[in-house]
Amino acid sequence: MKRIYVAVLLLCMVTAGWADGQRPKFSPEKFRADLECFIVREAGLTPVESSTFFPLYDEMCKRQRAIFNRMRRIDKATPQNDADCRKLIKERDRLDMELKKIQQVYHAKFLNVLSPKKVFDVLKAEDKFHRRMLRNRDGKDKH
């Protein structure tokens, strides 16, 4: 367990060293590692908590990504008439509800492996991380 924790921390330190002024290409692996490091730090997860939480978290993200991909296809569609628009709107609403259901199911699973306080801190940390990443992408904040 300690090896996993040390590996995550080392990865955090290595990826943090990219602040040389040039923005590297987006790397899903780096993004995931940075997110994990941030959540561990912000929520104060122990190595044991991390090893039980992150497999569930990854499972949730995989299911959410599948929904986001379907939503992306809807967003790229060019409906020809009102009936097509109505159909796409209903499908997008259904997918939104499916996303919320996935969150609800996995939040309950998280509560089985972490305290409610830690789950709350994880959710706050995830939101905070995503906001920071968006700001950094837009060049408004480099910290």
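1. Cysteine 61 first: at 16% relative accessibility this residue counts as buried. Buried means under 20% relative accessible area, exposed means over 50%, and partly exposed lies in between, with a 1.4 Å probe and protein chains only. Cysteine 85, with a relative accessible area of 30%, is partly exposed. The disulfide count is zero; a disulfide would be a pair of cysteine sulfur atoms within 2.5 Å.

2. A word on the source. The model is predicted, so local features need pLDDT of at least 70 and side-chain atom pairs count only at pLDDT 80 or more, while totals for chains, interfaces and linings use all residues. Residues are numbered from 1 along each chain as its sequence is written, and side-chain values use heavy atoms, with hydrogens and water left out.

3. The overall layout is plain. The chain has five helices and zero strands. From the N terminus on, the order reads α-α-α-α-α. Helices (H or I, at least four residues) and strands (E, at least two) are DSSP runs, numbered from the N terminus. Of the chain's 143 residues, 28% count as buried. Take the contacts between residues at least 6 apart in sequence: 67% of them join residues at least 24 apart. A contact here means heavy atoms within 4.5 Å.

4. Next, the core. The largest nonpolar core holds 25 residues, of which Ile39, Leu45, Phe53, Phe54, Tyr57, Phe110 and Val122 touch the most other members. H2 (28-43), H3, H4 (82-113) and H5 (116-137) each supply at least two residues of this core. H3 gives the most, with nine residues. Such a core is a set of buried Ala, Val, Leu, Ile, Met, Phe, Trp, Tyr and Cys residues joined through side-chain atoms within 4.5 Å. In soluble globular proteins, nonpolar side chains tend to be buried together.

5. How many aromatic pairs does a search of the whole structure find? The search finds seven. The rings of phenylalanine 31 and phenylalanine 129 form an edge-to-face pair, with centres 5.3 Å apart and planes at 65 degrees. Phenylalanine 31 lies in helix H2 and phenylalanine 129 in helix H5, so this pair ties together parts 98 residues apart in sequence. Phenylalanine 129 is buried, with a relative accessible area of 5%. The rings of phenylalanine 53 and phenylalanine 54 are also edge-to-face: their centres lie 5.0 Å apart and their planes meet at 70 degrees. Rings of Phe, Tyr and Trp (its six-membered ring) pair if their centres lie within 6.5 Å; planes under 30 degrees apart count as stacked, over 60 as edge-to-face and the rest as tilted.

6. Stay with those two rings. Phenylalanine 53 is buried at 0% relative accessibility. Phenylalanine 54 is buried at 5%. Ring pairs link Phe53, Phe54, Tyr57 and Phe110 into a cluster.

7. Glutamate 49 deserves a look. This residue sits in helix H3 (residues 47-76). Is glutamate 49 buried or exposed? At 18% relative accessibility, glutamate 49 counts as buried. A polar atom of its side chain lies 2.8 Å from the backbone nitrogen of threonine 46. A polar contact is a pair of N or O atoms within 3.5 Å; within protein, one must be able to donate a hydrogen and the other to accept it, and residues adjacent in sequence count only if both atoms are side-chain atoms. Leaving out residues up to four places away in sequence, glutamate 49 touches Gly44, Leu114 and Lys118.

8. Helix H2 has 16 residues and reaches 22 Å from its first C-alpha to its last, close to the 22 Å expected at 1.5 Å a residue. The expected span is 1.5 Å times one less than the number of residues. Buried residues of H2 include Lys30, Asp34, Glu36 and Cys37. Just after H2, glycine 44 takes a positive phi of about 65 degrees.

9. Helix H4 has 32 residues and reaches 47 Å between its first and last C-alpha, close to the 46 Å expected. At its start, a side-chain oxygen of asparagine 81 comes within 3.1 Å of the backbone nitrogen of alanine 83. Leu95, Leu99, Ile102, Tyr106 and Phe110 are buried in H4. Their cover includes H3 and H5.
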